[in-house]
Every structure is written in C-alpha cells, then in structure tokens.
Amino acid sequence: GAMSARADGEAVANPRRPSRRDVKPSPTIPTNQNLINKKIMITVKNEGIILEKTNLEFENKGVLNPACIQVDGITHMFYRAINHNDISSIGYCQLEDNKVVKRLKEPVLFPEYDYEKKGVEDPRIVFLDGIYYLFYTAYDGRNALAAYATTSDLINFKKHGVISPQISYTDAMDLIRNKHLPQRYFHYERRMKRYLGPDVLLWDKDVFIFPKKINNLFWLVHR
C-alpha cells in the first residue's frame with residue numbers, strides 16, 4: 001500500500017581479520033553522571049500525517065523515513081521518496097508549524113553510481129562545524145551500505161561515497177562468534193547468505209554522527 005511520512009516518525013575494504021595488535025583502546029567519552037543517574041523522559045505529540053506522495057515520477061509510490069533539522073525557525077525535512085519502479089531518492093520540503101510551506105519537485109539526492117543504482121534511502125542529517133552531513137543508505141539491489149553527502153545550503157550536495165566497511169557476513173560473524181550474542185544474529189546471517197549469496201556484504205544502515213566531536217574525533221552510530 002501507499003506509505004506516508006509522519007512527524008514522529010569510497011570506504012576502503014579490509015578483508016583481513018583484525019588481530020589484537022590492531023585494536024586500539026577507545027578514548028574516554030566524557031559523561032554527565034547526573035544525567036545518567038536520572039530517568040529522563042520527553043513528551044511526544046503525534047501531529048498525524050504531514051506529507052504524502054504526489055504524482056511526480058520520483059515520489060508517486062510513497063514518502064517515508066524523514067530526517068529533519070531546524071534552522072532559523074524553519075524545519076528542513078529530507079525524506080525517502082519511492083517511485084513505481086521501487087527506486088528511492090531523497091526529496092526535500094520545508095515546514096512551519098508542522099505545515100509544508102515549500103516542497104521541491106525533484107529530489108536533492110538520487111541514484112548516480114553503481115553502488116546506489118537501486119536506491120538512495122533513509123536520510124539522517126546532522127550539523128557540525130558549519131557543515132551539514134546527510135547520511136543515507138546506498139542500495140545496489142543486493143548490498144545496502146552507508147554513504148554520505150555534505151552541503152552548506154541544504155540544497156546543493158556533494159557525495160562522498162560509501163563509508164561502511166565492506167565486509168562479508170562470514171567475516172563479520174567471525175569477529176563476534178565468541179561474544180555470547182543471541183542466536184538471532186547468526187540466523188540472520190544464514191538468511192541473508194541464502195537469499196543473496198554467500199558473498200553478500202554486511203548490510204549497514206541508519207548511520208549518523210554526533211553533532212559534536214569527542215576528543216577531536218567524529219563518533220558514528222549505525223545499525
């Protein structure tokens with residue numbers, strides 16, 4: 001069925017398994033113990049559907065999985081748009097008071113390279129040191145890997161390619177096989193290899209960085 005967006009809603013491959021000599025200790029992450037000791041809750045208000053598909057070719061099947069950032073009182077939304085060929089791109093609109101006040105009629109990011117030929121998906125945007133970093137999932141029809149682009153004006157983007165470690169499921173599982181993780185991790189490995197082949201790369205999605213460097217380093221979260 002149709003999908004709708006809700007308000008609440010080139011890495012270098014290294015196939016060699018790392019040895020203990022390769023592992024460097026992580027720097028200490030500064031924390032606020034008072035915040036850790038307290039249960040922090042936020043109130044979420046459901047604003048309902050605020051963006052729907054259109055008849056435009058790039059978004060005529062659905063719109064979903066938006067990322068938002070607010071600048072000078074205007075919310076800039078980047079959303080995954082899907083066409084009837086199931087190819088995704090990233091659309092853009094502006095919101096004021098949860099209402100769309102501006103919406104581009106063409107995507108700001110779309111498939112251009114082999115590594116993303118079947119879709120540019122699921123944006124995540126972060127502002128850091130004067131630059132907007134927009135992370136997305138690059139899908140080639142088989143592998144789903146993290147990539148990113150940068151911009152200074154939220155409209156014109158420069159792509160920087162894939163940043164995911166390009167590692168097979170077999171090599172990835174070898175790294176965690178003795179970590180006493182739930183068996184579902186290994187069930188997923190078998191399923192992916194069965195449907196997509198034994199050399200399918202480890203899927204890496206939903207990437208973003210913290211909006212502040214820690215010990216002068218970027219810190220990245222991914223799934």
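What percentage of the 223 residues in the protein chain do buried residues make up? They make up 38%, where buried means under 20% relative accessible area, exposed over 50% and partly exposed in between (1.4 Å probe, protein chains only).

The model is predicted: local features need pLDDT of at least 70, side-chain atom pairs count only at pLDDT 80 or more, and totals for chains, interfaces and linings use all residues. Residues are numbered from 1 along each chain as its sequence is written, and side-chain values use heavy atoms, with hydrogens and water left out.

**View 1. The protein chain has 3 helices and 12 strands.** Helices (H or I, at least four residues) and strands (E, at least two) are DSSP runs, numbered from the N terminus. The chain has an accessible surface of about 14500 Å², computed by the Shrake-Rupley method with a 1.4 Å probe; for residues, only the protein chains shown count as cover. Carbon and sulfur atoms account for 51% of that surface.

**View 2. The largest nonpolar core has 21 residues.** A nonpolar core is a set of buried Ala, Val, Leu, Ile, Met, Phe, Trp, Tyr and Cys residues joined through side-chain atoms within 4.5 Å. F78, I90, L109, I125, L134, Y136 and F157 have the most contacts inside this core. At least two of its residues come from each of β3 (62-71), β5 (88-96), β7 (119-128), β8 (131-139) and β9 (144-151). The most come from β8, which gives 4 residues.

**View 3. I125 and its contacts.** Contact means heavy atoms within 4.5 Å. With neighbours within four places in sequence left aside, I125 touches A67, C68, I69, F78, Y132, Y133, L134 and L154.

**View 4. Cysteines C68 and C93.** A disulfide is a pair of cysteine sulfur atoms within 2.5 Å, and the count by this rule is 0. C68 is in no disulfide, and its nearest cysteine sulfur, in C93, is 7.3 Å away. For C93, that distance to the sulfur of C68 is too far for a bond. C68 is partly exposed, at 42% relative accessibility, whereas C93 is buried, with a relative accessible area of 0%.

**View 5. The buried residues of helix α2 (residues 169-176).** Y169, A172 and M173 are buried in this helix. Seen down the axis of α2, its buried residues fall within an arc of 95°, so they line one face of the helix; the arc is that of the directions from the helix axis to the C-beta atoms. Helix α3 (184-196) is included in what covers them.
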